[in-house]
Amino acid sequence: MSDVSEALRAEVRAAVGEILRVTLDPSEDDQPLSDRYEHYDSLAVIDSVAVVEQRTGVSIDLVEDDLRVTFASVTSIAGLVSRKRAAASVLESGF
């Protein structure tokens, strides 16, 4: 597992689970979502982006954030959100 907090992984798990209409197992956070859920396709990824943005308060760039990589697993999504929150915190503090 990564150094991303369990609370953030749970938040992401709930968001993606909402799109997939399943309860995601925390023990599978590192596993590729597309390997486990055949309906986790490009449209589901876009829907997941919207829900993750709404629930976490971050803005995700559909191109710059390389969704093929960053939305591959719960852990990778949580890592992206964590990095974006950290960057926003630095910007808000004025360096």
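Predicted model: local features only at pLDDT ≥ 70, side-chain atom pairs only at ≥ 80, totals over all residues.
**Core**

I started with the largest nonpolar core, which has 24 residues; Val 16, Leu 33, Tyr 40, Ile 60, Phe 71 and Ile 77 touch the most other members. Helix H1 (6-20), H3 and helix H5 (74-93) each supply at least two residues of this core. For the record, a nonpolar core here is a set of buried Ala, Val, Leu, Ile, Met, Phe, Trp, Tyr and Cys residues joined through side-chain atoms within 4.5 Å. Buried means under 20% relative accessible area, exposed over 50%, and partly exposed in between (1.4 Å probe, protein chains only). Helices (H or I, at least four residues) and strands (E, at least two) are DSSP runs, numbered from the N terminus.

Residues are numbered from 1 along each chain as its sequence is written, and side-chain values use heavy atoms, with hydrogens and water left out.

Next I looked up Phe 71. Leaving out residues up to four places away in sequence, Phe 71 touches Leu 33, Tyr 40, Val 45, Ser 48, Val 49, Val 52, Ile 60, Ser 76, Ile 77 and Leu 80 (contact: heavy atoms within 4.5 Å).

**Salt bridges**

I searched the whole structure and got nine salt bridges, each a side-chain nitrogen of Lys or Arg within 4 Å of a carboxyl oxygen of Asp or Glu.

I checked Asp 29 and Arg 13, whose side chains meet at 2.7 Å, N to O. This pair links distant parts of the chain, with Asp 29 in the loop between H1 and helix H2 (33-36) and Arg 13 in helix H1, 16 residues apart. Both Asp 29 and Arg 13 are buried.

Glu 28 pairs with Arg 36, closest N and O atoms 3.1 Å apart. I put Glu 28 down as partly exposed because its relative accessibility is 27%; Arg 36, at 23%, is partly exposed too.

Arg 68 bridges to Asp 66, with 3.3 Å between the closest N and O atoms. Arg 68 is exposed at 73%, whereas Asp 66 is partly exposed at 29%. Shared partners also join Glu 6, Arg 9, Arg 13 and Asp 29 into one salt-bridge network.

**Surface**

Last, I found a nonpolar surface patch of about 300 Å², made by Ile 46, Leu 62 and Val 63. Patch residues have over 30% relative accessible area and no salt bridge; like charges are joined within 9 Å, nonpolar side chains (Val, Leu, Ile, Met, Phe, Trp, Tyr) within 5 Å. Areas are Shrake-Rupley, 1.4 Å probe; for residues, only the protein chains shown count as cover. Val 63 sits in the loop between helix H3 (42-56) and helix H4 (67-70), and counts as exposed because its relative accessibility is 71%.
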